[in-house]
Structures are given as structure tokens and as C-alpha cells.
Amino acid sequence: MNYRLIIISAYLGLMLTGCSEKKETQIALQKQVERPNIILFVADDHGTDALGAYGNKVIKTPNLDKLASEGVRFNNAYCTTASCAASRSVILTGLYGHATGSYGHVHDYHHFSTYDIVKSLPVLLEKEGYTTARIGKYHVAPESVYHFEQELKADPRSTVAMAEECKDVLTSDKPFFLYFCTDDPHRANSTDPEQWDAPNSFGNKLEGYPGVETIVYDPTEVVVPDFLPDTNESREEIAQYYQSVSRIDQGFGRLMQMLQESGKADNTIVIYISDNGMAFPGAKTTLYEPGMKLPCIIKDPFSKLKNTTSDAMISWVDLTPTILDMAQVETKGYSFHGRSFQDVLNAKEPEGWDEIYASHTFHEITMYYPMRVVRDKNYKLIRNIAWRSEYPFASDLWAASTWQEVYRNKKEYFGKRKVQDYLFRPEFELFNLEKDPDEIVNLANDPNYKEVMDEMIKKMKAFQIKTRDPWLITWDHDNSLQGTGVNL
């Protein structure tokens, strides 16, 4: 046996293997250098109604307005469910909650949880060499599915303090994904629990927060959205809400200042969104426009478009595939319900972005009211699956002085909608949003719109089949997805 030949061959093999591994390491490191950093900033219950960039001339949001001037502001961005935890699961998976078990809240006795086979955005990015970090509101479960390498700690209402905690992430040697989630402007305690007509504080405190200028708004000057009653109670609560939003803006501004100081601003994509609409009846927990049509501002330093708007219809189910696309992550083998809209950031009039879907099942465990939505261009169809039940209230929205003023005085209208129509809804609600942006005139039973109804129902059923929605069974007891349960 020629031992010398064997030894030489083995040595050459080791050298080749070493060279190959070194080359793979160099390629991986090169990818890390080229890949962008990504900041996903998620507010809690912030609608388009309270942002200067979206047309509000009263509220002070200079830092978010600056982001819009440097990026793309979406006019038709939608959550898929107007509920905190359920919406966040969609944001981080690219899958509708009805297909992942994320039907509603995760905390306390609500206890909804995502299936453990789901691969979330932070897990996929960490696998590709990203540093992943989160700060603030989490509100998803289990941790093994939504794992981040780092959990940063700060008061989620103290937005400037939150930004300060992110310094090490912003200066990371590896590309980073920062998931920055405020508690603002979610409702908090009442300003006076003994008085039903006292406004909610929305997290505001008389002593303020470190590094934040307290901006107080005059209730007589705020803009009351059309879906709300124009009362003293509404105005007082909106003023508190604005103050909370301005605190977000200052925290966001500090984060952007720190990003600039890190020298990484030119290689960092910044995305600002909210989980659902403002925390008022008629918005949050509903799939009317104020509940699901949300701010979305994206600054991509690699995009051709700056200081522009997009009318493309996108939804939060598209965020995970889009961010993975931005991060140059190969997604073969992974199946998402959404699709990447990265190309939209480079197209003034993108085609094929004129349809979105939504799926809401629970908010709190006691709030079972499944709804499915299809919006196709100007038409929007809502199916209220549990339409025979009274529409359920979130605990904090029921206690809101905005609602209590109407309820206690037995008023007929809440904003432009009759209270009776808000509480007791038909199975189908069809709206032409171009002619009826307030969603008041239901066309579902109008014979002139029968063809539209038939087409929208067809699309809705196809959506439910494609996304394996268990509530498909509510159409004529169709058990084709989950089977009959016999012999289990």
C-alpha cells in the first residue's frame, strides 16, 4: 500500500475542504456587509387620522413627517385584523391568523398561540446571519416561534428611553433587524376613574417622560373623524391620543438621530406602521376602514422613489415576504400568504396591487365575532359570520367616555352610523368606497349590484380555500378543509 500517496491525498483533501469552507465564510461575510439593516417600528393603535404626513394639520409629528419626505407613504395599507396580538402575528409570519392558531390575544386567560411549526421573520433572519432584537410590546406567543436574539428592556411608553436602549444594536458588526414596538398610543388608565366622562390618559402622565417634551392639545382644536360623534368627550379623548402620538414621534426622532450617528443610515431600511386603527369604537376591532386602513411609511435608501406616495393596496401579510426580499433571503421552501411589495417602492404606478383580504376572529376571548373581507378596487365586502350576535365591545372601548356619552344618553347615532346598525350587523356589508367612504350605504341586497356581490363572494371563498381557513365550513357546512371529525 502506498501510504505516502494516501497521506498526500488526505492533505490535499483537507486543503481543498479548508479552502472551500473559507470561501463559503467569505461569501457569507460579504453578504452580511451588503445586506441592509432593517428597522420595523410598530405603533399600537395609531390610525392615519393622527399624522401630519397623512393630512392632519393639528398634530405635531415632525419626525414621522420627515420620514415620509424621504421615502414612500402608502395611501392604501391595511392590517388583516384590527386586534393587537392577532395583527402582530400576521406582521411577523406573512400568514393569516386563521391558519396559524393566532385567533386573538395571547395574554392571561385569552391564551391564543401560534402553531409551533411556523417560522417567523426574526427566526428566518437570524438564520441568515442577522442580529435580531426587539424592544417594547411583544404580544405574540410562543417565544420559540417568535424568537429574537436580544430582548431590550425599557418602559414601552417612554419612547426616547426605548431608543437609547438600542445603541448597541445600531452599532452591531452584523446586519441587524430591530423590532421597535411602543405601547403608545394604546389606551391606559382613565384620567379620573371615579368619573365615567373623564377621558382616558392614553399613557400620558403629568410628570411626563425622560427626554420627551410633553405636547398638550386643546380639545377644541383636534380633528374629529367622521365615524366618531363630535362631543366634548370625544374631543377630550382625541386630545389625549394626540399627546401620546407626539411622544411616539419624539422617540422615533431620537432613534433616527442615533442611526445617523452610527453611520449606518445609508444602509438601513426604516418602516413605520401600526398594528391597527385608533382605539375608539368604530375603528379598533372592526374591519371598517378606520380600523384597518393604517399608516405605512418606508424609507429605503436603495429605492428610486423619494418624497412620494403610493396607491398600491398592500397589507400586513405582505410585510414578512417583503422584508425577507429586502434582506436578500432566499424564501424557496417557505410558503407565505402575502407577497413582496419591494418592487412597488420603485414604481410610480405599480400594476396588480388593487386587492386585499382580511380575516378577524377574536379580540378578547369573549369577543367571538369572525369577519372576512375582500376589497377589490373600490368595492369592499365584509362577511359577518356571527351576524346574529350583538357586536362585542373590547373592555377598554366600552369604558371609553366617547362611547359612554352616547350609550348613557341613549343617542340614536354614533358618528354617522346608527347605534343599532353598529351593534347589530347583517351577514353581508357591501360598500362602494369611492362613493361612500364612510361605509354607510350597504349595497349587499341591492339588485343593481348582484353581479358585484356574486364576484366578491366568489373571491372570498377562493381566498378561504387558498389560505386554509377553517371558517370555510360556515358556507353551507363545507367541511372540505377540516373533515367531518368521524372516527377521531
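1. A charge counts as sitting over a ring if NZ of Lys or CZ of Arg is within 6 Å of the ring centre and within 35 degrees of the ring normal. R187 lies over the face of F280, at 4.8 Å from the ring centre. The charged end of R383 sits over the ring of W475, 4.0 Å from its centre.

2. A word on the source. This is a predicted model, where local features need pLDDT of at least 70 and side-chain atom pairs count only at pLDDT 80 or more, while totals for chains, interfaces and linings use all residues. Residues are numbered from 1 along each chain as its sequence is written, and side-chain values use heavy atoms, with hydrogens and water left out.

3. Buried means under 20% relative accessible area, exposed means over 50%, and partly exposed lies in between (1.4 Å probe, protein chains only). N37, I39, F41 and A43 point one way from β1, while I38, L40 and V42 point the other way. In a regular strand the side chains alternate between the two faces of the sheet.

4. Which strands pair with β1? Two strands pair if DSSP finds at least two bridges between them. Strand β6 (residues 268-274) runs parallel to β1 and is joined to it by seven bridges. There, T268 is the bridge partner of N37. Strand β5 (residues 176-181) also pairs with β1 in the parallel sense, over five bridges. In β5, Y179 is the bridge partner of L40.

5. Now the aromatic rings. Rings of Phe, Tyr and Trp (its six-membered ring) pair if their centres lie within 6.5 Å; planes under 30 degrees apart count as stacked, over 60 as edge-to-face and the rest as tilted. The whole structure holds 34 aromatic pairs. In one of them, the ring centres of F41 and F180 are 4.6 Å apart and the planes stand at 15°, so the pair is stacked. F41 is in strand β1 and F180 in strand β5, 139 residues apart. Both F41 and F180 are buried.

6. F74 and F341 form an edge-to-face pair, 5.6 Å centre to centre with 70° between the planes. F74 lies in strand β2 (residues 72-78) and F341 in the loop between α9 (319-326) and β10, so the pair ties together parts that are 267 residues apart in sequence. F74 counts as buried at 0% relative accessibility, and F341 counts as buried at 1%.

7. Next, helix α9. Seven of its eight residues are buried, so α9 is largely enclosed by the rest of the structure. Among the buried ones are L319, I323 and M326. Their cover includes β1, α3 (84-93), α4 (121-127), β6, β8 (296-299) and β9 (308-315), with contact meaning heavy atoms within 4.5 Å. Just after α9, Q328 takes a positive phi of about 60°.

8. Last, an open sheet of four strands, in the order β10-β11-β12-β15, with antiparallel pairing. β10 (355-360) and β15 (428-432) stand at the edges with a single partner strand each, so one side of each has no neighbour in the sheet. Strands β11 (residues 371-376) and β12 (residues 379-384) pair over six bridges. D376 has Y379 of β12 as its bridge partner.

Terms used:
Helix = DSSP H or I, 4+ residues; strand = E, 2+ residues; numbered from the N terminus.
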